[in-house]
Amino acid sequence: MSLLSDLINLNLSDSTEKIIAEYIWIGGSGMDIRGKARTLPGPVTDPHRLPKWNYDGSSTGQAPGEDSEVILYPQAIFKDPFRRGNNILVMCDAYTPAGEPIPTNKRYNAEKIFSHPDVVAEELWYGIEQEYTLLQKEVRWPIGWPVGGYPGPQGPYYCSAGADKAFGRDIVDSHYKACLYAGINISGINGEVMPGQWEFQVGPAVGISAGDELWVARYILERITEIADVVLSFDPKPIQGDWNGAGAHTNYSTKSMRSDGGYEVIKKAIEKLGLRHKEHIAAYGEGNERRLTGRHETADINTFVWGVANRGASIRVGRDTEKAGKGYFEDRRPASNMDPYVVTSMIAETTILWKPT
C-alpha cells in the first residue's frame, strides 16, 4: 500500500512537461457528476485553448445508442487537488456534434442571461450555501447515527464539536482545503442542525462562475467521500420526521443593491421574485416539497413571504442590510440538489430582465 500511495503522489513535473486534465460534466440525471482524464502536452490556463472531447452519451442518459456521441466544451479550469502539480480539473458543458447544446446543458442558457448587457452592468455577486448529508455506505443512513435508530433530538449538533455531536469533520476539512487549493472561492464550512449534515459556502462569485465553482466543489466532495467510503447525499429531505432538510440558500447582490438607496432596489427585486414564485419553485430542485413545509427554518412551498432576519421566510434580508440601507438578500427556497446554473441565472433574469405585465 505504501508503494501505491507513492505512485498516486508522484510529481509528474519532475520527469515530464505533460499534464493530466480531468474533464468534468453533468450527466443525464442533472445531479450525477461525470469525469474522465486525458494527457496534454503541457500546462494550460485558458479553457478555450483546451481541445473539445467526446463521450458516450448513451451511457449517461444523454443520447441514444445509435447516435451516442456528445461533445464536451471546456469552460473553466481549476487546479487538481488530487493529482496536484500542474494537473487540472476542467468544468465542461455538453453539445451535439452539430454544436447544439443538449437538453441537460443548463450552462448554455445561463451564460446567455449573464452575457446580457443589462446583467453585465449590474456585476452580480452570488454566495451559495450548499448543505449535504454524509451517509453510511452499506445502510444509506447518516454517519454517526445508530443503524436502524436515531440520535438525540436536534439542538446540540449545529456548529458543534465532540465525538458525540460532530460526525465527518475529516471529510469536511479535507474538502475545504482541497477547494481552496483548486482556486474555488469557498468562504466557509459549518456543521448543520441535523447530525451528519454539513454545509459549505461558495462565493462571493460573479455571474456564471458561481455555477462553475459550485459544480466543481461538488465534484471534489464526491471524490473525497469516495476515498472515505462514505456516500454523499444532496437529497433535500434525507430523513423524514423532525429533522432539518438540506438546502442551497442563494445570496444575491447587484451593483445597484450595493449602492446608496440599494434597499429600495432590493425590495423591488423581492417583489418581482414573489410574482414568479411558482416558476422559481419548479426550477429549484426535485423533492423540495418534502423540505419546504413551513417547519425546520423554511417557508411553506405554496407561500411567498419575505422578512428581515426571518429564517422561516422565502427571502431573508439581513439586519446589516436593513441598517445600512443597501447590501444583499438570501433566497432560502433552493433545494440542496438544485442546479446552480439554473438558480443563479433565473434570479438574474427575474430581478433584472423580466418586466411584469
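In what order do the five strands of the open sheet stand? The order is 2-1-5-4-3, and the pairing is mixed. This is a predicted model, so local features need pLDDT of at least 70, side-chain atom pairs count only at pLDDT 80 or more, and totals for chains, interfaces and linings use all residues. Residues are numbered from 1 along each chain as its sequence is written, and side-chain values use heavy atoms, with hydrogens and water left out.

- A word on terms: helices (H or I, at least four residues) and strands (E, at least two) are DSSP runs, numbered from the N terminus, and two strands pair if DSSP finds at least two bridges between them.
- Strand 2 and strand 3 sit at the edges with a single partner strand each, so one side of each has no neighbour in the sheet.
- On average, neighbouring strands of this sheet are turned by 40 degrees against each other, direction ignored.
- Strand 3 (residues 53–56) runs antiparallel to strand 4 (residues 69–79), and four bridges join them; here Trp 53 stands opposite Leu 72.
- On the other pairing of strand 4, eight bridges link it to strand 5 (residues 88–95), again in the antiparallel sense, with Phe 78 opposite Leu 89.
- In general, side chains in a regular strand alternate between the two faces of the sheet.
- Strand 3 has Trp 53 and Tyr 55 on its covered face, while Asn 54 and Asp 56 are on the uncovered one.
- Val 44 belongs to the loop between strand 2 (33–40) and strand 3. Val 44 has a relative accessible area of 19%, so it counts as buried (buried is under 20% relative accessible area, exposed over 50%, partly exposed in between, with a 1.4 Å probe and protein chains only).
- The C-alpha atom of Val 44 is 9.3 Å from that of Ala 21, a residue 23 positions away along the chain.

- Helix 10 (residues 340–353) has 14 residues and reaches 19 Å from first C-alpha to last, close to the expected 20 Å (the expected span is 1.5 Å times one less than the number of residues).
- Twelve of the 14 residues of helix 10 are buried, including Tyr 341, Val 342, Val 343, Met 346 and Ile 347.
- Helix 5 has 20 residues and should span 28 Å, which agrees with the 28 Å between its end C-alpha atoms.
- Helix 5 is largely enclosed by the rest of the structure, because 15 of its 20 residues are buried.

**How the helices cross**

- Axes here are lines fitted to C-alpha atoms, for helices over the stretch in contact, and angles run from 0 to 180 degrees between N-to-C directions.
- Angles under 35 degrees count as roughly parallel, over 145 as roughly antiparallel, 65 to 115 as roughly perpendicular and the rest as oblique.
- A crossing is left-handed if the near helix is turned anticlockwise from the far one by less than a right angle, and right-handed if clockwise.
- The axes of helix 5 (residues 209–228) and helix 10 come within 8 Å and cross at roughly 155 degrees. Helix 5 is therefore roughly antiparallel to helix 10, and the crossing is right-handed.
- For helix 2 (residues 106–114) and helix 10, the axes come within 9 Å and cross at roughly 30 degrees. That makes helix 2 roughly parallel to helix 10, in a left-handed crossing.
- Helix 4 (residues 169–182) and helix 5 have axes that come within 10 Å and cross at roughly 140 degrees. Helix 4 is therefore oblique to helix 5, and their crossing is right-handed.

- As background, most residues other than glycine have a negative phi, and most peptide bonds are trans.
- Gly 203 and Pro 204 are joined by a cis peptide bond, with omega about 0 degrees; Pro 204 lies in strand 9 (residues 197–206).
- Arg 140 is not a glycine but has a positive phi of about 50 degrees. Arg 140 lies in the loop between strand 6 (125–136) and strand 7 (141–142), and at 54% relative accessibility it counts as exposed.
- His 296 also has a positive phi, near 55 degrees. The loop between helix 8 (277–283) and strand 12 (306–308) holds His 296, which is buried at a relative accessible area of 18%.
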